[in-house]
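Here is a short briefing for a reader new to this structure. Have a look at the model first, then read the points by topic.

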Amino acid sequence: MKSNYRYFLLSLLIILLDQAIKMAVHNFMDPGYYGQIELISPIVKLHYTLNPGMAFGIELGSDYGKLILTSFRIVAMFGIGYFLYKLTVNKSKPLLLICTSLILGGAIGNLIDSVFYGVLLNNAPVGAPMQWFHGQVIDMFFFDFWEGVLPSWIPIWGGTYYSTPIFNFADAAIFCGVVIILFFQNQLFQQDKE
């Protein structure tokens, strides 16, 4: 049973790395294009930006949309944590356990921003009904492949300005965990033949 904790420790490592990177960016970088640092010119950059919503900056409407989103993240965190616990008890495949650990760590990393950063970093959006649960997520990794106005024939987003997304370490952990699970789902969820 002790070996099962290593997957929760992996989640904790993801959380600690995510928060360390975010604090370094917050304390040592200026937001926006003027503070941008080119790592591999001209594509790979560090770009400090605040995300008030969820992935790709999508927001729920109304004054309490962020509160609803943060509440959902809390429920999801407990759900994923319980799922990881059940997977460890059932001795699931190590790759599935690792991927679920990545997803859990990433989810908690972004949840910390949403719950606490509005107060601790005073970064709640202007007009937010309260600072608790309204913190903006710090994003910084920018692969600057393309930006411009999308063609008008594209449904919903056509005619709007678009740039490749800016993301953080927690987002990357979630993305990697989900993609690996999707890619290897047949092997990961296949029952071992007795």
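Which backbone nitrogen does the side chain of D113 reach? The side chain of D113 reaches the backbone nitrogen of I138, at 3.1 Å. Keep in mind that this is a predicted model.

- D113 is part of helix α3.
- The relative accessible area of D113 is 0%, under the 20% cut-off, so D113 counts as buried.
- A polar contact joins the side chain of D113 to the side chain of Q19, at 3.1 Å.
- Leaving out residues up to four places away in sequence, D113 touches Q19, K22, G118, G135, Q136, V137 and I138.
- Two of these names return in helix α1, where Q19 and K22 are among the buried residues.

**The sheet**
- Four strands make up an open sheet, with antiparallel pairing.
- Their order is β1-β2-β3-β6.
- β1 (37–40) and β6 (166–167) are the edge strands. Each has a single partner strand, so one side of each has no neighbour in the sheet.
- The partner strand β3 spans residues 137–143 and pairs with β6 over two bridges, in the antiparallel sense.
- F141 has F167, in β6, as its bridge partner.

**Helix α1**
- Helix α1 covers residues 5–28, which is 24 residues.
- At 1.5 Å a residue, α1 should span 34 Å. Its end C-alpha atoms are 34 Å apart, so the two values agree.
- The buried residues of α1 are Y7, S11, I14, I15, D18, Q19, K22 and V25.
- Their cover includes strands β2 (44–51) and β3. It also includes helices α2 (65–89), α3 (94–120) and α4 (169–183).

**Nonpolar cores**
- In soluble globular proteins, nonpolar side chains tend to be buried together.
- The largest nonpolar core here has 15 residues. Those touching the most other members are M77, L84, L96, L97, L104, I108 and I181.
- Helices α1, α2 and α3 each give two or more residues to this core. The largest share, eight residues, comes from α3.
- Beyond its neighbours within four places in sequence, L96 is in contact with L87, I181, L188 and F189.
- A second, separate core has eight residues, including V25, M29, L46 and Y48.
- V25 is also one of the buried residues of α1.

Key
Residues are numbered from 1 along each chain as its sequence is written. This is a predicted model: local features need pLDDT of at least 70, side-chain atom pairs count only at pLDDT 80 or more; totals for chains, interfaces and linings use all residues. Side-chain values use heavy atoms; hydrogens and water are left out. Two strands pair if DSSP finds at least two bridges between them. The expected span of a helix is 1.5 Å times one less than its number of residues. Buried means under 20% relative accessible area, exposed over 50%, partly exposed in between (1.4 Å probe, protein chains only). Contact means heavy atoms within 4.5 Å. A nonpolar core is a set of buried Ala, Val, Leu, Ile, Met, Phe, Trp, Tyr and Cys residues joined through side-chain atoms within 4.5 Å. A polar contact is a pair of N or O atoms within 3.5 Å; within protein, one must be able to donate a hydrogen and the other to accept it, and residues adjacent in sequence count only if both atoms are side-chain atoms.
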